[in-house]
Amino acid sequence: MTLELVPRLVAGLAALLAAWLLADAVLPDRPRDAPDRRRRARSERSRVGEACLGLGFAAFAAALLGSDAWRWGTVAVLAGGALLLVGLALNARVLR
């Protein structure tokens, strides 16, 4: 395995994570069979925030796949970072 493959592998993992987050944000939730045993109600997650997280990871994956030859790599990293921050802010209640 050459060293040039490492960013491609990381980009593939980021793309898989992005696809998983986007699918989770878009697909409807399944009803639970068993009742929740918690005393407090669970915090509702933000689907828009989860989609922003997925798009942020997709932008990072695109920047890694484009490497130095792609002209829009810096823009993709900046947009991905902004989308990740927005997604984290919208889901801050769930993450606590």
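Val75 lies in helix 3, which spans residues 73-90. The model is predicted. Val75 has 45% relative accessibility, so Val75 counts as partly exposed. Val75 and Arg39 are 36 residues apart in sequence. In space, their C-alpha atoms are 45 Å apart.

Now turn to helix 1. This helix has 22 residues. From first C-alpha to last, helix 1 reaches 31 Å, close to the 32 Å expected at 1.5 Å a residue.

Which residues of helix 1 are buried? They are Ala11, Ala14, Ala18, Leu21 and Ala25. These residues cover an arc of only 90 degrees around the axis, so they sit on the same side of helix 1. An α-helix has 3.6 residues a turn, so residues three or four places apart point the same way. On the other side of helix 1, Leu13, Leu16 and Trp20 are exposed.

Helix 1 also has a partner. Helix 1 (residues 5-26) packs with helix 2 (residues 47-66). The table describes this pair.

| Feature of the pair | Value |
|---|---|
| Angle between helix 1 and helix 2 | about 160 degrees |
| Distance between the axes of helix 1 and helix 2 | 8 Å |

How do the two helices run relative to each other? Angles over 145 degrees count as roughly antiparallel. Helix 1 and helix 2 are therefore roughly antiparallel. Helix 1 passes helix 2 in a left-handed crossing. By class, their contact has 19 nonpolar residues, one polar residue and four charged residues.

Note on methods:
Residues are numbered from 1 along each chain as its sequence is written. This is a predicted model: local features need pLDDT of at least 70, side-chain atom pairs count only at pLDDT 80 or more; totals for chains, interfaces and linings use all residues. Side-chain values use heavy atoms; hydrogens and water are left out. Axes are lines fitted to C-alpha atoms, for helices over the stretch in contact, and angles run from 0 to 180 degrees between N-to-C directions. Helices (H or I, at least four residues) and strands (E, at least two) are DSSP runs, numbered from the N terminus. Angles under 35 degrees count as roughly parallel, over 145 as roughly antiparallel, 65 to 115 as roughly perpendicular and the rest as oblique. A crossing is left-handed if the near helix is turned anticlockwise from the far one by less than a right angle, and right-handed if clockwise. Ala, Val, Leu, Ile, Met, Phe, Trp, Tyr, Cys and Pro count as nonpolar, Asp, Glu, Lys and Arg as charged, and the others, Gly among them, as polar. The expected span of a helix is 1.5 Å times one less than its number of residues. Buried means under 20% relative accessible area, exposed over 50%, partly exposed in between (1.4 Å probe, protein chains only). The arc is that of the directions from the helix axis to the C-beta atoms.
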